[in-house]
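Subject: Structure for you to look at

Hello,

Here is the structure I promised to pass on. Please open it beside this email and follow along.

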Amino acid sequence: KNVVLCDPMLATGGSAMMALGVLRQAGVRDERVVFANVVSCPEGLRRLASEAPDVKIVTCAVDAGLNDQKFIVPGLGDFGDRYFGTFGYSEGLW
């Protein structure tokens, strides 16, 4: 099985590792996984390199890092909030 695992952002790597855990339980080997994202940061890239070195990573941009709230900076804000319009629009953030 080949899998393209998509997530808009790679911040801490927590979501990616949880998704990889599900794939592993289903019998998918790491070398069959391509993790595709739009924005990543060094912290998340290091975690995947350490815990899932056989996963290929494709990213469009690598931002500087994470802030105290674990958001990628400068980043895009919270992708889920932006996508679903749950926070930020009425507050004037974007």
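C41 counts as buried because its relative accessibility is 0%; buried means under 20% relative accessible area, exposed over 50%, and partly exposed in between (1.4 Å probe, protein chains only). C6 counts as exposed, at 57%. The structure holds zero disulfides, a disulfide being a pair of cysteine sulfur atoms within 2.5 Å.

This is a predicted model, in which local features need pLDDT of at least 70, side-chain atom pairs count only at pLDDT 80 or more, and totals for chains, interfaces and linings use all residues. Residues are numbered from 1 along each chain as its sequence is written, and side-chain values use heavy atoms, with hydrogens and water left out.

Next, the cores. A nonpolar core is a set of buried Ala, Val, Leu, Ile, Met, Phe, Trp, Tyr and Cys residues joined through side-chain atoms within 4.5 Å. The largest one has 13 residues, and L5, L20, L23, V33, F35, L48 and V55 have the most contacts inside it. Two or more of its residues come from each of β1 (3–6), α1 (14–25) and β3 (33–40); helices (H or I, at least four residues) and strands (E, at least two) are DSSP runs, numbered from the N terminus. The largest share, four residues, belongs to α1. Another core, of six residues, lies apart from it and includes A11, V39, L66 and I72.

What does L5 contact, leaving aside its neighbours within four places in sequence? Its partners are A16, A19, L20, L23, V33, V34, F35 and A36, where contact means heavy atoms within 4.5 Å.

In α1, the buried residues are G14, A16, M17, L20 and L23. Their cover includes β1, β2 (9–10), β3 and α2 (42–51). Just after α1, G27 has a positive phi of about 95°.

The structure also holds three salt bridges, each a side-chain nitrogen of Lys or Arg within 4 Å of a carboxyl oxygen of Asp or Glu.

- D30 pairs with R24, with the closest N and O atoms 2.6 Å apart. D30 is buried at 13% relative accessibility, while R24 is partly exposed at 34%.
- E31 pairs with R29, the closest N and O atoms again being 2.6 Å apart. E31 is partly exposed, at 36%.
- R47 pairs with E51 at 3.1 Å, N to O. Both lie in helix α2, four residues apart, about one turn of the helix.

Regards
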